[in-house]
Amino acid sequence: MDYVMRSVRAEEWPLARQLRLDALQDPAAPVAFLDSYEAAVARPDAFWQDRTAAAAEGGDVRQFVAESPEGEWVGTVTVLIERPEDDVRFGEPAGVNQGHLVGVFVRPEVRGAGVTDALLRVAVDWAWSLSAPRLERVRLYVHENNPRAAAFYRRFGFVPSGQRMPVPGQGPGTGERREWELEYVIERG
């Protein structure tokens, strides 16, 4: 495979923005992301600049991209570091220091070529490489109506934890049927 997996750089925010907008226009976006194209496209440049700079610095967040030999970004994944004392972003509070994979996207034309495996491998390896904090597990959430993603994550080594969270903005009082995000984890070891 000729694709390069690497961290984003702060000055690449226009590319990071465009890849996110492309991801949000994918047919699977409604069950893959907790964001919408309409909301994302309306965000100012400063939002994307700050977001990409934070992901490039590698404090509590790191974004990885898959880059083709021609320099095109064909995929991405972001790792959030979560500690028990942190505010909860989504899901259950962290019981241990953990990584949380979000924003996984690979362009349709390279799906099945090993790019998603390589992206997840670099993200999980980075999470395990941290010493402060030392992470005990890596988690992600999969929408209950996204069996293709769930099958991929299981093949990669993630297992269902048994935890689930309602999709934000749905369920009682909204007129919509409650749908669920299912937690999958890989434990250190």
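## Basis of the model

Residues are numbered from 1 along each chain as its sequence is written, and side-chain values use heavy atoms, with hydrogens and water left out. Because the model is predicted, local features need pLDDT of at least 70 and side-chain atom pairs count only at pLDDT 80 or more, while totals for chains, interfaces and linings use all residues.

## Helix α1

Helices (H or I, at least four residues) and strands (E, at least two) are DSSP runs, numbered from the N terminus. The end C-alpha atoms of helix α1 (residues 13-24) lie 16 Å apart, which agrees with the 16 Å that its 12 residues should span at 1.5 Å a residue; the expected span is 1.5 Å times one less than the number of residues.

In α1, 9 of the 12 residues are buried (under 20% relative accessible area, 1.4 Å probe, protein chains only). Among them are Trp-13, Arg-17, Arg-20 and Asp-22. The elements that cover the buried residues of α1 include α4 (45-57), β2 (61-67) and β4 (98-106), where contact means heavy atoms within 4.5 Å.

## Strand β7 and its partners

Strand β7 (residues 180-187) has 6 of its 8 residues buried. Strands pair if DSSP finds at least two bridges between them. Strand β5 (residues 137-143) runs antiparallel to β7, joined by 7 bridges, and Arg-137 has Glu-187 as its bridge partner in β7. Strand β6 (residues 159-166) is also antiparallel to β7, over 5 bridges; here Arg-164 is partnered by Leu-182.

Technical notes:
Buried means under 20% relative accessible area, exposed over 50%, partly exposed in between (1.4 Å probe, protein chains only).
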